[in-house]
Amino acid sequence: MQDNTYLAAHYDPTVDELETLKQLEMGELITTPEALHEHMSGRLFERGFIAKNSAGELTITATGRALIRRQDN
């Protein structure tokens, strides 16, 4: 099956997206229902900044950590 998701060449994360990544980096657990309740953007999944572990919890990826470092500089 082909994925037709469009990804713009330039990505500017929202403040909420950066906050979510920082929470995950600090070890806070965020489950999918919590993320949906908080209207977390699917862009974090689409861009590979977060992923689900085997327990269904959201985790930050190496790409997500790199994004945080880039925004902090």
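This is a predicted model: local features need pLDDT of at least 70, side-chain atom pairs count only at pLDDT 80 or more; totals for chains, interfaces and linings use all residues.
Colleague: Which residues of helix H1 are buried?

Modeller: Helix H1 spans residues 15–25. Its face turned away from the buried side carries the exposed residues Val15 and Asp16. The buried residues of H1 are Glu17, Leu18, Thr20, Leu21 and Leu24.

Colleague: Why do the buried residues of H1 line one face of the helix?

Modeller: An α-helix has 3.6 residues a turn, so positions three or four places apart point the same way. Viewed down the axis of H1, the buried residues line one face because they fall within an arc of 160°.

Colleague: What is the phi of glycine 27, which follows H1?

Modeller: Glycine 27 comes after helix H1. The phi of this glycine is positive, near 95°.

Colleague: Is arginine 43 buried, exposed or partly exposed?

Modeller: Arginine 43 lies in helix H3, residues 43–46. Its relative accessible area is 30%. Buried requires under 20% and exposed over 50%, so a value in between is classed as partly exposed. Arginine 43 is therefore partly exposed.

Colleague: Which residues does arginine 43 touch, not counting those up to four places away in sequence?

Modeller: Arginine 43 and tyrosine 11 are 32 residues apart along the chain, and their C-alpha atoms are separated by 9.4 Å. With residues up to four places away in sequence not counted, arginine 43 touches Tyr11, Asp12, Pro13, Thr14, Glu17 and Phe49.

Methods
Residues are numbered from 1 along each chain as its sequence is written. Side-chain values use heavy atoms; hydrogens and water are left out. Buried means under 20% relative accessible area, exposed over 50%, partly exposed in between (1.4 Å probe, protein chains only). Helices (H or I, at least four residues) and strands (E, at least two) are DSSP runs, numbered from the N terminus. The arc is that of the directions from the helix axis to the C-beta atoms. Contact means heavy atoms within 4.5 Å.
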